[in-house]
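Colleague: I'd like to learn how to read packing in a model like this. Could you walk me through it?

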Amino acid sequence: MLKDKGVHFLAIEGVIGVGKTALARIISERWNALCIEENYAQNPFLEKFYENPEPYAFQTQLFFLLDRHKQLQNSALQSDLFHDLLVSDYTYDKDAIFAAQNLTDSEYAMYETVAKSLDKDLPRPDLVVYLQASVPTLLNRIKSRGREMEKTIEGSYLKDLQARYDHHFWHYRNAPVIIINTDNIDFVHNESHLQMILEIIESCPTQTTYFVPTGN
């Protein structure tokens, strides 16, 4: 188990539609983990942001920042004797990626001031799994899950966001990162594909590792 290798907090990351939450839920069920999921549905500004990004970007981002901070702070305070692992479908650091993508310079400066004041005593992941996929794959998955508010997401937005994610996790030094390309696999519906993912996670590499499953 991961805890025997010093991993008590596992974070799943990736761009919109890549499968973060699905994998986090599977891991929580298979490995007796407490699962923390991003509260996107509770963000009162998110749908408005997708419809008209510019006037709602700051409110949307600030809600996510405060909510993620609250979730992680609560997980650090609670003593959970019934789970072997904490798994989340985000990292606290990812918030700054979206802020840099969506906010104006003045908004980002204000956001950064708030973020730095909150960035204390939060649990940090011992291992990060960064799921990658090409823009066409992401668009297909977003379409398949059928969230009404996401219908306006454009490939150009995902491409820019993917580039920011790649840069962030290639230079991430707070924990080992497993970068998994998911273009050719379906770990939700294919057990053999899922087992490939779980095995590489269980190997607990000590440095950034890039894994490209073939799907065979």
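Modeller: Start with contact, which means heavy atoms within 4.5 Å. Leaving aside neighbours within four places in sequence, V129 is in contact with L10, A11, I12, E13, L23, I178, I180 and I201. Bear in mind that this is a predicted model, where local features need pLDDT of at least 70 and side-chain atom pairs count only at pLDDT 80 or more, while totals for chains, interfaces and linings use all residues. Residues are numbered from 1 along each chain as its sequence is written, and side-chain values use heavy atoms, with hydrogens and water left out.

Colleague: Which residues touch the most other members of the largest nonpolar core?

Modeller: In soluble globular proteins, nonpolar side chains tend to be buried together. A nonpolar core is a set of buried Ala, Val, Leu, Ile, Met, Phe, Trp, Tyr and Cys residues joined through side-chain atoms within 4.5 Å. Buried is under 20% relative accessible area, exposed is over 50%, and partly exposed lies in between (1.4 Å probe, protein chains only). Here the largest core has 65 residues, and L10, I12, I16, L23, I27, V129 and I201 touch the most other members.

Colleague: How do I read a helix, then? Which residues of helix 7 are buried?

Modeller: An α-helix has 3.6 residues a turn, so residues three or four places apart point the same way. Helices are DSSP runs (H or I, at least four residues), as are strands (E, at least two), numbered from the N terminus. In helix 7, the buried ones are Y157, L158, L161, Q162, Y165 and F169. Seen down the axis of helix 7, they fall within an arc of 130 degrees (taken from the directions from the axis to the C-beta atoms), so they line one face. On the other side, K159 and H167 are exposed. The cover over that buried face of helix 7 includes strand 1, helix 2 and helix 4.

Colleague: And which residues are buried in helix 8?

Modeller: H193, L194, I197, L198, I200 and I201. Those residues cover an arc of only 165 degrees, which puts them on the same side of helix 8. They pack against strand 1, helix 1, strand 4, strand 5 and strand 6. Just after helix 8, C204 takes a positive phi of about 50 degrees.

Colleague: What length check works for helix 7?

Modeller: The expected span is 1.5 Å times one less than the number of residues. For the 16 residues of helix 7, that gives 22 Å, and the end C-alpha atoms are 22 Å apart, which agrees.
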